[in-house]
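Please keep the sequence and the coordinates at hand while reading.

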Amino acid sequence: VGAAIAALAQPTDVAGADPMPQGGSGVLAFDSDGDVYTVRAEQDDAAGNLGLSTPHTFTVGTSYRDDVLSDNPAGYWRLGESSGTVAASELGATTNGAYANGVLLGQTGGLTGDSNRAARFDGVDDIVSVPHSSALNATNGVTIEAWVKRTKTGAWQNILAKPGNGGNAAQNYALWLNTTNQPVALFGNGTTSVAAYAPAIDTNWHHIVATYNNATAQVYVDG
């Protein structure tokens, strides 16, 4: 357990509650362990009687990650490393990726209130490669998503794909930016493929999601 912090709680009116009794003192005590906090209210009266509330534990700073993991994804890479060549998987080392060809790490991320960093790719040959895993195969529909901040234009740029090379039909799933900066999703079965397009994106951060249910492909930008 990390440092304990005690802060004096001044008498204050709260909607739907009685104000703190005068003549005593109130303490709000915190214990922190990383992003996990435990809080408990302590109140004594003028006679020295002490009352303690039930401790309440809560987590801050990891809500986005927790939301993603709650969907039980087959793969999740935050790309928040500041150095090295390993792109850590949030699901365990067996699906760790490897940075190659000069990816710039430790860049400013796209999520307000989240300290996780981002990786910058040159749109030419910078890449993260992940070893083959059958868990990453899409057979009964799939959803893929990424946070993207475009810095280049006029070229096809690979955001996420399996396998990422070969023709359209060879792509189990793929998400690209085309030469007019449109997000393009491809889903193939080895013989044919379907595609979906979204309007062009600017150079701000955008959340791009592509889905395919074995019948219809769709791409969503920021919602």
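Leaving aside its neighbours within four places in sequence, with which residues is N178 in contact? The model at hand is a predicted one, and in it N178 is in contact with A155, W156, V184 and Y197 once those sequence neighbours are set aside. N178 lies in the loop between β13 and β14, and N178 counts as buried because its relative accessible area is 6%, where the limit for buried is under 20%. Between N178 and G154 there are 7.5 Å from C-alpha to C-alpha, although the two are 24 residues apart in sequence.

The loop between β13 (173-177) and β14 also holds N181, which is buried with a relative accessible area of 10%. With neighbours within four places in sequence left aside, the contacts of N181 are R150, K152, T153, G154, P199, A200 and I201.

**Aromatic pairs**

A search of the whole structure gives 3 aromatic pairs. One of them is formed by W156 and W176, whose ring centres are 6.1 Å apart and whose planes stand at 75 degrees, so this pair is edge-to-face. W156 belongs to the loop between β11 and β12 (157-162), while W176 belongs to strand β13, so that the pair, its members 20 residues apart, links distant parts of the chain. W156, a contact of N178, counts as partly exposed at 46% relative accessibility, whereas W176 counts as buried at 18%.

Another pair joins F187 and Y212, and because their planes lie at 15 degrees, with ring centres 5.0 Å apart, the pair is stacked. Here too distant parts of the chain are linked, with F187 in strand β14 and Y212 in strand β16, 25 residues apart. F187 is buried at 3% relative accessibility, and Y212 is likewise buried, at 18%.

| Pair | Ring centres apart | Angle between planes | Class |
|---|---|---|---|
| W156 and W176 | 6.1 Å | 75 degrees | edge-to-face |
| F187 and Y212 | 5.0 Å | 15 degrees | stacked |

In soluble globular proteins, nonpolar side chains tend to be buried together. In this model the largest nonpolar core has 19 residues, of which Y173, F187, A210 and V219 touch the most other members. Two or more residues of this core come from each of β11 (142-149), β13, β14, β16 (205-212) and β17 (217-221), and β11 gives the most, with 4 residues. Another core, of 5 residues, lies apart from it and includes A87, Y99, L105 and A119.

Leaving aside neighbours within four places in sequence, F187 is in contact with V142, Q171, N172, Y173, T192, S193, V194, A210, T211, Y212 and A217.

**The second largest pocket**

Which residues lie nearest the centre of the second largest pocket? They are F187, G188, N189, Y212 and N214, out of 14 residues that line this pocket, so the two members of the stacked pair are both among the residues nearest its centre. At least two residues of its lining are supplied by β14 (183-188), and at least two by β15 (193-197). By class, the lining comprises 5 nonpolar and 9 polar residues, with no charged ones.

Key:
Residues numbered from 1 in each chain as written. Predicted model: local features only at pLDDT ≥ 70, side-chain atom pairs only at ≥ 80, totals over all residues. Heavy atoms only, no water. 1 Å grid on protein atoms, 1.4 Å probe; cavity = no way out; pocket = protein on both sides within 12 Å on 5 of 7 lines; lining within 4 Å. Nonpolar A, V, L, I, M, F, W, Y, C, P; charged D, E, K, R; others polar. Buried < 20%, exposed > 50% of the residue type's maximum accessible area, 1.4 Å probe, protein only. Contact = heavy atoms within 4.5 Å. Core = buried A, V, L, I, M, F, W, Y, C linked by side-chain atoms within 4.5 Å. Phe/Tyr/Trp six-rings, centres within 6.5 Å; stacked < 30°, edge-to-face > 60°.
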